[in-house]
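Please look at the sequence and the structure below.

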Amino acid sequence: QRALMDTNDQQARLLGDVRPQIVMTPPVEAGRFSVLAAGQDMGVLASVLLRPFEMPESLAVARLECLPRPPMPPADAASTGAAPPADSDSDDARGALDGAFVLGTSIVLPGEDDAKRGRVLVARWDAALEQLQVVGCLTVMGAAYALAPFRGMLLAAVANRLLLLGWQRRAVDARTAAAAAAPRRICDGVVYAEDPDYELVVICSQQAQIASLSLAVAGDYVAVGDIMSSVSVYRYEESLVAPAAVPRAAASAGGLQQQQPAPPQIRRRLVPVARDYSGVWTTAVAAVPPPLAQNHARLRPEPVASETGFLEPGDIARAFRDPAQERLLVADSYGNLIRLVRGDSDDEQLHVEGRWHLGDMVNVIRAGSLVMDIPDPEFPGLLRPQLVFGTLHGALGVVASVEDGKLGRVLARLQTNMAHLLPTPGLWDYARWRGYASDQRSTGAFGFLDGDLIEQFLALPHRTQQLLFEGGAGALADRARVSEAEAARKRELWASYARVEGEANVEVLAQLAVSDIGAREGVSLDFVVRLVESLARHHF
């Protein structure tokens, strides 16, 4: 296993990989944690060998802001007679870790089926001393499968729990003990130097489902992907809590104790708000960025009357949910992609907006794109690459949003015409291949556009493009590209759709039948070609 993450504010990259290391007899495996140079040679600047039977599971680059120490309980303060330390904002600013490397690990001892414990390590790269300093460590009860920065803190998916971790000021006695411990050198370029003033602590914990493997953050909301129970969404909340009065030594004669009010403390918690009850075996989850505010009005185009006459007026309105609602892209173990959206504030269920079969298992989804996002003057901000995913077999893919309902409908019509009229390898049924399939259900694909199929439109001869644009059966006339058996099957498919559209009392949606794009949408073939070219620029 190997994971790589870049950091923008430091000339270093974080690499964690698993290699068999002979650390005892008999030999056992242990993970390695390395920092590589950002140059072309990517030389190893420092490397840490983890403990025996300890493997890296997750990596993150985060800014950890310093949190004040909660006040000492009155009983403890009265027994010790100590005053709580005064934490200044300047001290907290100096103690913050900017661009810290955070590593989550798992420890599976011989005879154990699963990890019963793990660690979260915090390290920083000192460019002046050219050494990696491990400044914090927290032992957790399970494997730290996923890490994510969150509001100057850190989210950790540990076994079946969601933890919120913070970089918090130590108690006075703990500071003394930490300061007395001299930094020790682990190996060349690596120093274990525990921070004398701050430590990594658990701020709050929330029970998840079975095994939390992935995390996604969208504003104040956190999505947790479970290995067997799909996705759950939690909301981060802060509230002020007035603590009990803390006894402090008064300045009067005799040193009498008097009650002085303590400042209110911030209570942080994660509250479950919604989940998907479909039981998806989740392998990756990511938050879909919201559409641009300028495009909200474009997301609800005027419907084609001949195709939506059988719908009630409220059906179309309900089909377009609030663009500002949180949306998630979920990948499952059956090679499917699912798009989920939150409903109203009192709705505890995530709703499905799209299902599509990719054909490969996605194990990571990240925000970004493969090329620079250069706005197209003809379609400004309407075709936006948002997410990049990696699959089990080494493929990379881009997920882009079409933030214009009419453009999306034009592309959907083109996709339908190409799927039904163009030849396919082995006479396979495109709709059946892209249809959603799992151990629980099988449905047709919806809510997604197949960029690989649509972009093949640019490589076709102009005559074939014209026939596909018009939705005519003449697109099968090229005998050099299609066998007679496949042509006969395609003609039968086209004829069945043509009969459906020709019946006066039966109306079909645009995505269900071959159609004339120009007549239905009022666009030209050149416009469709320019639209597909703009779509193809996002990964070429």
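In this predicted model, the side chains of Asp 404 and Arg 298 meet in a salt bridge, with 2.7 Å from N to O. The two partners come from distant parts of the chain, 106 residues apart. Asp 404 is in the loop between strand 28 (396-402) and helix 6 (405-421), while Arg 298 is in the loop between strand 22 (282-288) and helix 4 (305-308). Asp 404 has a relative accessible area of 8%, which is under 20%, so this residue counts as buried. Arg 298 is partly exposed, because its relative accessible area of 41% falls between the limits of 20% and 50%.

Side chains of opposite charge can pair when their charged atoms come close. How many salt bridges does a search of the whole structure find? The search finds 20. The table lists some of them.

| Asp 404 | Arg 298 | 2.7 Å |

Glu 326 lies in the loop between helix 5 (313-319) and strand 23 (327-332), and Arg 342 lies in strand 24, so the pair ties together parts that are 16 residues apart in sequence. Arg 342 is buried, with a relative accessible area of 5%.

Arg 384 lies in strand 27 and Glu 403 in the loop between strand 28 and helix 6, so the pair ties together parts that are 19 residues apart in sequence. Arg 384 and Glu 403 are both buried.

The whole structure holds 3 aromatic pairs. One of them is formed by Trp 356 and Phe 448, and this pair is stacked, with 6.1 Å centre to centre and 25 degrees between the planes. It links distant parts of the chain, 92 residues apart: Trp 356 is in strand 25, and Phe 448 is in the loop between strand 30 (442-443) and helix 8 (451-455). Trp 356 and Phe 448 are both buried.

How are the rings of Phe 379 and Phe 527 placed, and why is the pair called edge-to-face? Their centres are 5.7 Å apart and their planes stand at 70 degrees, so the pair is edge-to-face; the cut-off for this class is over 60 degrees. Phe 379 lies in the loop between strand 26 (362-367) and strand 27 (383-391), and Phe 527 lies in helix 12 (residues 525-536), so the pair ties together parts that are 148 residues apart in sequence. Phe 379 and Phe 527 are buried.

Now to the surface. Asp 322, Asp 344, Asp 346 and Glu 348 form a negative surface patch. Glu 348 sits in the loop between strand 24 (336-342) and strand 25 (350-357). Is Glu 348 buried or exposed? Glu 348 is exposed, because its relative accessible area of 53% is over 50%.

Gln 265 is partly exposed, with a relative accessible area of 21%. From C-alpha to C-alpha, Gln 265 and Ala 242 are 6.3 Å apart in space, and they are 23 residues apart in sequence.

How values were computed:
Residues numbered from 1 in each chain as written. Predicted model: local features only at pLDDT ≥ 70, side-chain atom pairs only at ≥ 80, totals over all residues. Heavy atoms only, no water. Patch = residues over 30% accessible without salt bridge, like charges linked within 9 Å, V, L, I, M, F, W, Y side chains within 5 Å. Areas by Shrake-Rupley, 256 points an atom, 1.4 Å probe, with all protein chains shown as cover. Salt bridge = Lys/Arg side-chain N within 4 Å of Asp/Glu carboxyl O. Lys, Arg positive; Asp, Glu negative; His and termini not counted. Charge placed at Lys NZ, Arg CZ, Asp CG, Glu CD. Helix = DSSP H or I, 4+ residues; strand = E, 2+ residues; numbered from the N terminus. Buried < 20%, exposed > 50% of the residue type's maximum accessible area, 1.4 Å probe, protein only. Phe/Tyr/Trp six-rings, centres within 6.5 Å; stacked < 30°, edge-to-face > 60°.
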